[in-house]
Amino acid sequence: MLGIKIRGAWLDLGERAEISFELNNPIFLTGNFEIIPGSYSFPQTIPLSDHNRKILDWPAQLDNCNPLICDEPIEIYVDRPCLFEGLATLTCADEKSIKLAIKVNDLSKLKSINLRDLDLGGDRYIGNAVAQQQAHALDTADNPQDYDYIFFPVRNFRFWDGFTDPDVVFGGSINGYQNHFNIGTQQFTISNGHRTSMPFVKISYLFQQIFRHCGIYLDNLFQLDPELDNIVLYNNYSIYNYGGTLWNANINLANHVPDMSASDWLKEMARNFALAITNDPISGTFKMQPLDDIIKQDPAHDWTRYAGALPQRKPRSKIGTNFCFIEDDNDQKYEQQFYVSDPIFEDTLLDLQALAAASPGVYFISQMGAIYEKFISGATRFKYFWHPAIENSRDPRANKIELKCPPLFQRHDELEQLQHLPCIENLGTYEPRGWRHDFSCRLMHYKGRIPGAYPYASSQEWYRDEASGLPVDDQKLDNVSLTLHGQNGVFNKYWKDWLQVLEQADPVHWRFNLPIKELLKFQFCDIVRVNSLHYLATKLRITISHQGLKPIQAEMIRIC
């Protein structure tokens, strides 16, 4: 028996009523990463009986000043269990019937909420004395697992560029740090000489607060590894108090996240790390996990006995996919970088060990995913590096995935104790003087305190030896790299296997006579076995009548 409940009452559906849903797998729906997950029904025609008129507030009555219902909570029942909960909108009404569109697990509200308007904890007290604030900043660096943000140094020679305030210019040179750290005292510097301090917000915290804003529980399987919990966002918002010698006593993380909508940010994170944000239309919960993890799962269901005739198979275009990071217009560091399109790199691919003995020149080191210029100036030095593209296909029709949240560049600092720091050239924001400048969504990964040195962040898993400038095996800090290349790079770790599945598998269309109990157990991140093969469902077309569930139309791709 089919039932629809709205405003606490059951609608009259009529003897021949049926309702159809097209449930889209957000894994594939966001193949272009432009759509936030959500499943939608087709408009349903429902008779406008006297009972329904009363429940729906006489929608066809012309002198009725009340608006038609929009995003009203609704429940769909089959044989009494609640199959779906969603939101209903009345799209059309006349004397005899209405049309009702139903959305299930919709996240469209995220389109209108800016990251800076989320509840990010409000004002957080960090102390009103230098010693208190230094201790707080250092504790975030020593115990990052206890905080939603971390303090660590970043090189930025352009923070005050063009500003003429004498407080920020010293000895003819401009302060070149965000969160300056004194290696001698092992403390963050809080003084008029260094007015560029700010916390860097964890992406794990933003994920949590975005879904909490929608009243939805998120199971974040992407960042189960504690190392991944230390991925943070860059920002340029200084917390230094003008006219004093302190930071502000309170910080508000809303000042330290990019100016973009929550939906856009989610899409870019999904694109960057090939994440599936899947919703269970039955429970209403969401799960976030790498696509690579999904395709390596064992089957959760065996639908062999429910399968109809052999499926229809459709060919998929196999033209390849290329990857690249999009340039950050706010970062002038890009003007100093080398580009992989330069033919000089075609015959200069070296491994890490060969670089030490190589002659001065420009080289692409595949293990590091980086281009270096080696030159001699009293000792061997290395300039900035650029993250080159991944070119899997030279077909001009090849798909192109542009990652819009690149990591900061990493440099070997020749100016002060050979520090190897994230670097950027981005104008700063200093509210006491009304200086405000944009910053883009850029990523960094915090590695921890380097003994005798400083709290250290990097886009790679390596730490440079201060004598040679070269990373060596015993200085590999972890397995997290935000670059495209390398064993732990974004492409190899998150994209490679998933891309192979997409490019080798042809879609199939199949009918399944599933009972309700099987549908209730299914989630889109599940692998389905049919005969001896494994599949992922891309779309399910479900039709329900008073007689129960009709055969389901499924679109699927073969995993193995």
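The legends below describe close-up views of a predicted model. Local features need pLDDT of at least 70, side-chain atom pairs count only at pLDDT 80 or more, and totals for chains, interfaces and linings use all residues. Residues are numbered from 1 along each chain as its sequence is written, and side-chain values use heavy atoms, with hydrogens and water left out.

**View 1. Crossing of helices α5 and α8.** Helix α5 spans residues 262-273 and helix α8 residues 490-504; their axes come within 8 Å and cross at roughly 95°. Axes are lines fitted to C-alpha atoms, for helices over the stretch in contact, and angles run from 0 to 180 degrees between N-to-C directions. Helices (H or I, at least four residues) and strands (E, at least two) are DSSP runs, numbered from the N terminus. R271, N272 and F273 of α5 meet V490, Y494 and W495 of α8, where contact means heavy atoms within 4.5 Å. By class, this contact has 4 nonpolar, 1 polar and 1 charged residues (Ala, Val, Leu, Ile, Met, Phe, Trp, Tyr, Cys and Pro count as nonpolar, Asp, Glu, Lys and Arg as charged, and the others, Gly among them, as polar).

View 2. Strand β22 (residues 286-290) runs antiparallel to β21 and is joined to it by 5 bridges. The bridge partner of I277 is M288 in β22.

View 3. The structure holds 0 disulfides, a disulfide being a pair of cysteine sulfur atoms within 2.5 Å. C92 is partly exposed at 40% relative accessibility, whereas C525 is buried at 1%. Buried means under 20% relative accessible area, exposed over 50%, and partly exposed in between (1.4 Å probe, protein chains only).

View 4. D57 is not a glycine, yet has a positive phi of about 70°. D57 lies in the loop between α2 (50-55) and β6 (72-78) and is partly exposed, at 25% relative accessibility. N531, also not a glycine, has a positive phi of about 55° and sits in the loop between β38 (528-530) and β39 (533-545).

Terms used:
Pairing = 2+ DSSP bridges.
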